[in-house]
Amino acid sequence: MHSLHADLHSHSTASDGTLEPRALAQRAKANGVELWALTDHDEVCGLPAAREAAQALGLAGATVHIVGLGIDPDHPELSAGIAGIRAGREQRARQIGEGLAQVGIRGAYEGAIALAPNPNLVSRTHFARWLVQRGIVPDTPSVFRRYLTEGKPGYVEHRWAGLGEAVRWIRSSGGIAVIAHPGRYKFTPSAEYALFSEFKAHGGEAVEVVTGSHHAGDVGKYADMAAEFGLLASRGSDFHDPDESRLDLGLLPDRPTLPRGLTPVWSRWPQALALEGR
Ligand code: AMP
Ligand code: MN
């Protein structure tokens with residue numbers, strides 16, 4: 001374990017500092033900081049630029065997926081939390097459409113909406129499918145690479161839940177929070193360690209060890225991380241579509257197993273243990 005190089009107190013031109021948020025991010029990076037916070041007096045307007053710059057520099061602010069298992073779908077705190085996050089998607093989708101129009105791709109917003117069975121949940125995936133169906137891009141990964149990821153014309157910042165919020169909503173509704181497909185994030189070892197530590201500190205309880213996005217080496221690695229952090233182990237294909245997804249539903253590697261020595265997340269559910277015949 002190495003000690004994280006953190007600097008969690010700094011000021012920009014948004015208050016009484018003299019460097020722009022972007023310049024501060026660059027300075028933090030140049031000075032070897034791994035975890036940085038902009039903390040202007042009485043003011044948060046520097047944060048969007050700071051976040052964007054920090055992300056571009058690989059300093060912070062990555063997006064991770066948290067799965068909530070065994071939640072109460074009607075729990076008021078959880079419902080309100082996810083409704084707030086969802087609400088921003090409509091506006092974001094319009095902006096994605098505008099971004100794509102600027103590079104000559106028209107009608108993407110309408111196209112994505114038409115492909116979204118739930119009009120309240122338009123995802124980048126729907127844009128990707130539309131672009132592929134239109135023959136504008138050959139496949140989904142290429143769409144993300146060319147159009148829908150940071151720095152690309154159809155990329156729009158979105159205010160997702162913070163890690164602590166997401167874990168809190170899941171826990172308050174009686175669920176178990178799970179770090180989804182950790183092998184996909186391409187974090188530096190120290191950033192990954194920070195994610196697991198923070199997740200655990202917030203009350204997160206499990207990690208996906210076997211998933212459609214994990215290569216053989218990842219399974220062993222995250223089995224070790226689960227043991228090290230005292231997390232339950234989960235498995236899931238991350239199935240979205242029969243043609244798009246790497247793995248079909250239920251067709252996970254090493255089908256019925258998790259690596260030895262781990263405690264499955266379903267050990268919390270008596271019905272699952274009964275199924276297993278314990
Ligand atoms: P959104 O929630 O609208 O930001 O969309 C996120 C979804 O896009 C994820 O759940 C993935 O299914 C998909 N996705 C994200 N990045 C990629 C990528 N590089 N290649 C393919 N699909 C991706
Ligand atoms: Mn996911």
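Q: Which residue does D238 meet in a salt bridge?
A: This is a predicted model, in which local features need pLDDT of at least 70, side-chain atom pairs count only at pLDDT 80 or more, and totals for chains, interfaces and linings use all residues. Residues are numbered from 1 along each chain as its sequence is written, and side-chain values use heavy atoms, with hydrogens and water left out. A salt bridge is a side-chain nitrogen of Lys or Arg within 4 Å of a carboxyl oxygen of Asp or Glu. With N and O 3.2 Å apart, the side chain that D238 meets in this way is that of R184.

Q: How many residues apart are D238 and R184?
A: D238 sits in the loop between β6 and α10, whereas R184 sits in the loop between β4 and α8, where helices (H or I, at least four residues) and strands (E, at least two) are DSSP runs numbered from the N terminus. The pair therefore links distant parts of the chain, and the separation is 54 residues.

Q: Is H181, which coordinates the manganese ion (ligand 2), buried or exposed?
A: The manganese ion is coordinated by H65 (ND1) and H181 (NE2) at 2.3 to 2.4 Å, donors being N, O and S atoms within 2.8 Å of the metal (3.2 Å for Na, K and Ca), and water is not among the atoms, so sites may look incomplete. Buried means under 20% relative accessible area, exposed over 50%, and partly exposed in between (1.4 Å probe, protein chains only). H65 is partly exposed at 41%, whereas H181, at 3%, is buried.

Key
Chains are lettered from A and ligands numbered from 1 in the order in which they are written.
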